[in-house]
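Please examine the sequence and the structure shown below. The paragraphs that follow lead through them step by step.

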Amino acid sequence: VTELPTFTPRVRYTLAEWFALHLTNTDYQWPYWHHWEEAGTAIDYQKSDRTRHIFLRQIISEMISLSTRDVIEGHIGKNLSGFIPTLKFESEIIAESNVSPLACLARELLERINTRQPVDALSKWLTSSSEHTDIVPSDLDTPNWRSTSALNAILASTRQDPVEVQICFERYHILMKNAIEEDLKECNSTVIEVETELLRHLGAICQNRHLVELIVEEMVRNGVLCQLSVFTWLLGKDEESLGKESQLNWDNCHVVRIMTKCLALAFEVLQNDSIAPVNEESSNQYKKSLERIMDLLDFSFRRAAAIITDASSNVVYKGKTPGLIVSLSSFLIELCILTFSSFEKHEKRIAGLSAEIEINGLRFSNILRQSKGVSFNQYSDECLERLADCIEKCL
């Protein structure tokens, strides 16, 4: 326990994952639960940023993902049950007291989902302009009214058990996809803007970060969201300063996990494209998948470099690196290893791929080095130089 504060966030999270798996496989037989009980008293344990409390939240959340809430509640102490994350989401759009056209639409869609109407019929009804003449987009707080109502209705239709949520979003991903497409036709926004706005709404109404992580992964896997929208939501836009319109106020490990999963899904698509019969069409598709990954990497390194320098600008160097910088640094190192190890499998697919990867790798290391000196802080300069060296070694 006393050593926890000395661990990096990534190491602490990995330890929590392993320990949760160990407890699950040993029927939660651990004689020291009482030792932790004092941590759950007289404190807002869901928001506490103390190292011990973060570690406990991570362990218990991981145990729930491997089992069920009821089982976990029966094995941990009464005080520790307060560390169990809430699974319910709070949305005014679904509330019966809300009589706005958007709320009425969301509740009607929820009723149709609960009565098991076919997905195609639901999609046709939601995207039909003639069915919703009472809704005036300009009068709403969000122009993305179809996708927003669909997201709320789908979440409200589940008991929010992780397995059930995964099945539900897999079943209704066509509904979400068509709703987003119709919102795009109606509002003067880009795909990234519409999707990041939807993700912000998800983060606001769903209090459980593991559930958010699962929902985002399912929507990316089923083609509802693009990875760049998720990265933009998590890290903010290129021109934005640290923390504005981003999710970096979350437990940083969740941000890193979501981004790593999104990148892994992009590599899955690349892998599937690589085994297709070699012809002009498949080669073009492969190149598009590769370009998509390069865009993700480019955005990640640019934003991470900007955030690291911004986070360091007002910090007095005392020999201890801030947690945010450690988390982002760990993510970029993992990103390097995942990227270049994955590309090794694909060098024979496209002539000159190895040279292309090396060129891009050098470009990414230059992005990091060009950010040095911006904050005039030893933190960021040392961190950025280490990351640039790491990229070049991966080459």
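At what angle do the axes of α9 and α10 cross, and within what distance do they come? Before the answer, a word on the source is needed. This is a predicted model, in which local features need pLDDT of at least 70 and side-chain atom pairs count only at pLDDT 80 or more, while totals for chains, interfaces and linings use all residues. Residues are numbered from 1 along each chain as its sequence is written, and side-chain values use heavy atoms, with hydrogens and water left out.

Two packed helices are described by the angle between their axes and the distance between the axes. The axes of α9 and α10 cross at roughly 125 degrees and come within 10 Å. Here axes are lines fitted to C-alpha atoms, for helices over the stretch in contact, and angles run from 0 to 180 degrees between N-to-C directions. On the side of α9, Met176, Ile180 and Leu184 meet Val191, Val194, Glu195 and Leu198 of α10.

Helix α10, which spans residues 191-205, also packs with α11, at an angle of about 155 degrees and with the axes 10 Å apart. These two helices are therefore roughly antiparallel to each other. Leu199, Leu202 and Gly203 of α10 make the contact (heavy atoms within 4.5 Å) with Arg209, Val212, Ile215, Val216 and Met219 of α11.

In α8, residues 162-171, the buried residues are Val165, Cys168 and Phe169; buried means under 20% relative accessible area, exposed over 50%, and partly exposed in between, with a 1.4 Å probe and protein chains only. Why do they lie on the same side of α8? They cover an arc of only 95 degrees around the axis, which puts them on the same side of that helix, the arc being that of the directions from the helix axis to the C-beta atoms. The buried residues of α8 pack against α7 (145-156), α9 (173-186) and α11 (209-221).

Ala266 is buried, with a relative accessible area of 5%. Not counting residues up to four places away in sequence, Ala266 touches Gln227, Ile293 and Leu296. Ala266 and Arg292 are 26 residues apart in sequence, and their C-alpha atoms are 7.9 Å apart in space.

The loop between α1 (9-25) and α2 (33-37) holds Asp27, and Tyr28 lies in the loop between α1 and α2 as well. Asp27 has a positive phi of about 60 degrees although it is not a glycine. Tyr28, also a residue other than glycine, has a positive phi near 60 degrees.

Finally, the chain may be viewed as a whole. Its secondary structure comes to 17 helices and zero strands; helices (H or I, at least four residues) and strands (E, at least two) are DSSP runs, numbered from the N terminus. Buried residues make up 50% of the 395 residues. Of the contacts with a separation of 6 or more, 71% are between residues 24 or more positions apart.

Key: Parallel < 35°, antiparallel > 145°, perpendicular 65-115°, else oblique.
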